[in-house]
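Okay, thanks everyone, I'll keep this short. Let me put the sequence and the model up on the screen, and then we'll walk through a few side chains together.

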Amino acid sequence: MNNRIAKFDDLVPSSLPFVEGKLEGHKNRKNFSIVGPGVAEDSKQFVKISMSHGYNLGAVIAEPKNGSGLHSHTTAEVFLIYSGKWRFYWGSEGKDEIILNAGDIISMPTNMFRAFENVGKEEGLIFVVLGEDDPGTVTWVPKILRKAKETGMALLDDNSLIDLSVKKIPEGKKILEPISNDELKKFNNYKVNDLKKYILKFENRSTYENNLGNGINLIQVLGKQFLDKNLTPVINQDTGFNLSILKAKKGILKDLIFDKPTILFSQKGLWNIQIQNSTIKLNSKDTFSIPINTKFNISIDENENSYLNCVSQI
């Protein structure tokens, strides 16, 4: 089971995961690949759970006034705010924005530029779910690539990261050029009101709770399935995976079986997973990949509401 468990304190982060990693406002952050490699451009990025799940799970820690530059993905990107106060902004010029806090969730549409910044006074943490086994490469707004090159960082035409201050361009390779203005115009933009349907605020979660019995409630955030239950998701978007949240103080769910790749990761509280005569304890930020078609129990015994995130392949 050890290859299915990711204790957050044991993870090895990359401090230079992307091309803009030496720029002011982007350099004081750490990137974690928990399930799958994600989209990190650092070829040495440590991956804890490498087996295919049909999606990727990562995390980002950033100091105040730090985060990512404007970029786009070809697959789903869902942010779960664990701690801190974050400004999400989007569009090729980053003119539109929204502030999100601990417990909030935003699912970014594809084919749009997006970025985030820790605007709180302390270090913040975000977990990120990316769609598909191979979530593709990152497309950066031209300004980011040009500024990054001034720090010595660049992408080669195979999207590999190179530090030109310590390495020469390999023979047969060349620097990836920024996209043209015509290509830039092909990306979508959204006004704040348009993007609100892709956001679940923490204070609104209780509106969407489903009672599973035995002291545990369920919020179905994305996708229509939790085990054999068909549910209406809060965010109606095709991401390729279900995102469900279990909420409880004290409770238990018995004899659960998933027939698709599924992970559990605790947002708050100590959750116990009983499986194959073993008990796996998931503290906040810890992750467990459940073996397919294997019976297990989930239990919790806390004095305040606790939350367990569940992602399963559709």
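Quick caveat before anything else: what you're looking at is a predicted model.

So, rings. Let me start with Phe88 and Phe116, which make a tilted pair, with 5.9 Å centre to centre and 40 degrees between the planes. Where do Phe88 and Phe116 sit? Phe88 is in strand β7, residues 85-90, and Phe116 is in strand β10, residues 114-118, so this pair ties together parts that are 28 residues apart in sequence. And are they buried or exposed? Phe88 has 0% relative accessibility, so it counts as buried. Phe116 comes out at 4%, so that one counts as buried too.

Next pair: Phe226 and Phe258. This one is edge-to-face, 5.9 Å centre to centre with 75 degrees between the planes. Again distant parts of the chain get linked: Phe226 belongs to strand β18, residues 225-226, while Phe258 is in the loop between β20 (241-256) and β21 (262-268), 32 residues apart. Both Phe226 and Phe258 are buried.

If you'd rather look at a group than a pair, pick out Phe8, Phe32, Tyr82, Phe127 and Phe265: ring pairs join them into a cluster.

Now the arginines. Arg87 has its charged end over the ring of Tyr89, 4.0 Å from the centre of that ring. Then there's Arg205, which lies over the face of Tyr307, 5.0 Å from the ring centre.

Okay, on to the helix. This is α1, residues 142-150, and its buried residues are Pro142, Ile144, Leu145 and Ala148. Why do I say they line one face? Looking down the axis of α1, the buried residues fall within an arc of 165 degrees, so they line one face of the helix.

What does the buried set pack against? The buried residues of α1 pack against β12 (139-140), β13 (153-155) and α2 (181-184). One backbone detail to finish: after α1 comes Gly152, with a positive phi, near 100 degrees.

Notes. Residues numbered from 1 in each chain as written. Predicted model: local features only at pLDDT ≥ 70, side-chain atom pairs only at ≥ 80, totals over all residues. Heavy atoms only, no water. Phe/Tyr/Trp six-rings, centres within 6.5 Å; stacked < 30°, edge-to-face > 60°. Helix = DSSP H or I, 4+ residues; strand = E, 2+ residues; numbered from the N terminus. Buried < 20%, exposed > 50% of the residue type's maximum accessible area, 1.4 Å probe, protein only. Lys NZ or Arg CZ within 6 Å of the ring centre and 35° of its normal. Arc of directions from axis to C-beta. Contact = heavy atoms within 4.5 Å.
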